[in-house]
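Student: I'm new to this one. Could you pick a single part and walk me through it closely?

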Amino acid sequence: MPFRTRTAVSGAILATAAVLLCPAAAAARPAAAPGAPPGWSAAPAPADGAAPSAADRPYFYLAGAPGTVMNDRLSLRNPGGRAVTVRLRGSGGWLAFAAKEVTVPPRTRATVPFTVTVPPDAAPGHRSATVIATAGGTGRRADRRDAVPVHLRVTGPVLAALTVENMSVRGRGGAAVIRYTLVNRGNTVLTPRLAVRADGLFGPVLRRAARTLPDRLAPGQSADLTETWDGPPELDAVHVRLTVTADGGAHGSATASYTALPWGVVAGPAVLLAGAGGLVVVRRRRRAKGAGDRSGGGPVRSAGGAARPPEGQAADPAAELASSGSGARG
């Protein structure tokens, strides 16, 4: 992970640049000759003042708590017969050199102090950077570059915490898509592992063993991810669970429900309900019409007591004869 820019070189460190060169070369510093031979090298300076070598210290290693400033030294060696001007920079902003450009006389070794400042809010864990030394060439001679790795460990309590959020399951064609968000709630970089399981009304329908996800999550970082489920059950109520783990004891899980119904299963009951509703309406209308006929279409009595058939209905001859006979006797 690249370092972040947080600090500048202090005045005391800048003053140290006055003793960059060894005493033998400090009396006279010849100007850098163009086309300097590529015989110079850069390496971590040994503590005992001996000539640096890859076997002594192949890289820088520093460890400190957030907010601390650590010091180390880079050694530049020029065994050739011409002076070499070397430009220095770090791949991370936590590094600051006493001098960004150093001229090393022939057959001389120069030592350049530098600092690594750990920001107060830096999360515990490992970081990496590079000290890059470059000497220019002329004509067809390209710049020569030498790089020394820097390994830094930020000390302090490590908290590994991971959550699964915004989980949902939706059908799409013959598959289902599981959407979710992973959030690193701790202070260390995590490489999550995901396991998926789903259980229906009649038992397990999906089992996926834990596998490592391709993305790493920095502290506070979140990632929106998807998981495709081919061939989910067509008629079942499914309970889906995601479980995510990471080194350091990080653990998170989330659940969501998923119910898939084929179109025929959904449309069939709807059609039946619509048909049943239509029959009820028709029956109610028929009953209402029949009640109206009975209330207004019965026989009507005349003034003499004889029954008169409703309008449009033929009279009963026997009834008429009986009516006329009773009237004669009276």
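Tutor: Let's start at Arg-107, in the loop between strand 6 (101–104) and strand 7 (108–117). This is a predicted model, and in it Arg-107 has a positive phi of about 50°, although it isn't a glycine. Most residues other than glycine have a negative phi. Arg-107 has 64% relative accessibility, so it counts as exposed, the cut-off being over 50%.

Asn-166, though, lies in strand 10. With a relative accessibility of 61%, Asn-166 counts as exposed.

Now follow strand 10 into its sheet. Three strands make up this open sheet, in the order 10-11-14, with antiparallel pairing. Strand 10 (162–172) and strand 14 (222–230) are the edges; each has a single partner strand, so one side of each has no neighbour in the sheet. On average, neighbouring strands here are turned by 20° against each other, ignoring direction. Strand 11 (residues 175–184) and strand 14 run antiparallel and are joined by nine bridges. If you want a spot to look at, find Tyr-180: it stands opposite Leu-225 in strand 14.

A word on confidence while you look around. The protein's mean pLDDT is 76, with 63% of its residues at 70 or more.

Definitions and conventions
Residues numbered from 1 in each chain as written. Predicted model: local features only at pLDDT ≥ 70, side-chain atom pairs only at ≥ 80, totals over all residues. Heavy atoms only, no water. pLDDT = per-residue confidence, 0-100. Pairing = 2+ DSSP bridges. Helix = DSSP H or I, 4+ residues; strand = E, 2+ residues; numbered from the N terminus. Axes fitted to C-alpha atoms, helices over the stretch in contact; angles between N-to-C directions. Buried < 20%, exposed > 50% of the residue type's maximum accessible area, 1.4 Å probe, protein only.
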